[in-house]
Amino acid sequence: MKKDEICQKFLQSVGKILTIDEPLAHHCHFQIGGPADFFFRATTEEELLASVNFARQEGLRFRVIGGGFNIFFDDRGYRGLIIKNEVSSIQLQPESYVEVLSGTLLEELIQFCLVHSLKGLEFLAGIPGTIGGAVYGNAGAFGEAIGDWVESVKLLTARGEIKVVDRDYLKFKYRSSFLKKTKEIILRVNLKLSPGERDSIASRIKEIRQQRRAKLPPPSLPCGGSFFKNPVLPNGRKVPVASLLEEIGAKGFRVGGAVVSQAHANFIYNLGGARARDVLALASRLKERIRRRFGIELEEEVIFLPEDA
Ligand SMILES: Cc1cc2nc3c(=O)[nH]c(=O)nc-3n(C[C@H](O)[C@H](O)[C@H](O)COP(=O)(O)OP(=O)(O)OC[C@H]3O[C@@H](n4cnc5c(N)ncnc54)[C@H](O)[C@@H]3O)c2cc1C
């Protein structure tokens, strides 16, 4: 089917316009990626469901993204439909439960918790992205992770069914959840928080932001956050990957427009005009050096989406 025929069908079925050949570099913080055949911004849960169901019915490859803070795209773009999830709302429920639609920004969630004096999520301060992206990758910092606060999640399954699952189903691990395997779509997240003292929540948020400013490169630099996960040794000990990278002198390593930050060895950023192939080549060079020096196999935390994934 031709691109404009698909757009016509989408308009009839979803009632919205699909964008053709949208540059994906505009939709990830890394600013890397060629054009997506089709692109759609979902702003309601109905639109999110309808666009995913449309892609499945038409046999169109698709991927739901949130803020694009943990992903970069192929230089050739994406042969399918990228759905940007902007479905956002937060509702306070009895007994300190909070229901969050999956496209809600973490920053809005933190502000909501502060206004309602709910404690628990302060560690998320400064982590960019949506709650959907955060649950998918079990985002966290300072030894805490979002999975610890998730009570249940409403999902759209691969068969197009909607189901509510509890935390056990999600099998949260360090920067990972079961959803990385099932590819189910997160629609809503239900969090169980605790009542707190507004001033102490505010000062904890401030403290976290200060620590991030002191430790990490400026958040405006185009990147995907920490590039590699901290490796876990056979004895269960987690090793800070940044220190391993420093030992091999990685700071300043560069391939094309991709460079390892001088401020933090686990941040690869786009100097301007970096291609996905630059980042991939730089990452594989770093992995090779770490393998040779320490016998450790690094695993990427930042996601690369090939054009046909
Ligand atoms: C400067 C900077 C600092 C960062 N600091 C941290 C940090 O301290 N800790 C940390 O953990 N991360 C950090 N990150 C990474 C990033 O902020 C988190 O991974 C965040 O959770 C990504 O959310 P997102 O909405 O941008 O997801 P995206 O990057 O848009 O997507 C990431 C993955 O989630 C999937 N996904 C997104 N939404 C859904 C959904 N609704 N249903 C199913 N799958 C979905 C996508 O398909 C993709 O595979 C940082 C990133 C940057 C740029």
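I am working with a predicted model, where local features need pLDDT of at least 70, side-chain atom pairs count only at pLDDT 80 or more, and totals for chains, interfaces and linings use all residues. Residues are numbered from 1 along each chain as its sequence is written.

**Ligand shell.** I found 32 residues around the ligand, the closest being Gly 66, Gly 129, Gly 132, Gly 133 and Gly 225 (a residue is near if its C-beta atom, placed from the backbone, lies within 6 Å). Helix H4 (131–136) is one of the elements that supply at least two shell residues, and its four are the largest share. Helices (H or I, at least four residues) and strands (E, at least two) are DSSP runs, numbered from the N terminus. Where does the ligand lie relative to domain 1 and domain 2? Both domain 1 (3–85) and domain 2 (90–215) give residues to the shell, so the ligand lies between them (domain bounds come from an automatic or database assignment).

**Helix pair.** I looked up H3 (106–115) and H7 (198–215), which pack at about 150° with axes 9 Å apart (axes are lines fitted to C-alpha atoms over the stretch in contact, and angles run from 0 to 180 degrees between N-to-C directions). That angle makes H3 roughly antiparallel to H7, a label for angles over 145 degrees.

I saw three strands in an open sheet, ordered E15-E16-E17, with antiparallel pairing (strands pair if DSSP finds at least two bridges between them). E15 (254–255) and E17 (268–270) are the edges, each with a single partner strand, so one side of each has no neighbour in the sheet.

Notes
Angles under 35 degrees count as roughly parallel, over 145 as roughly antiparallel, 65 to 115 as roughly perpendicular and the rest as oblique.
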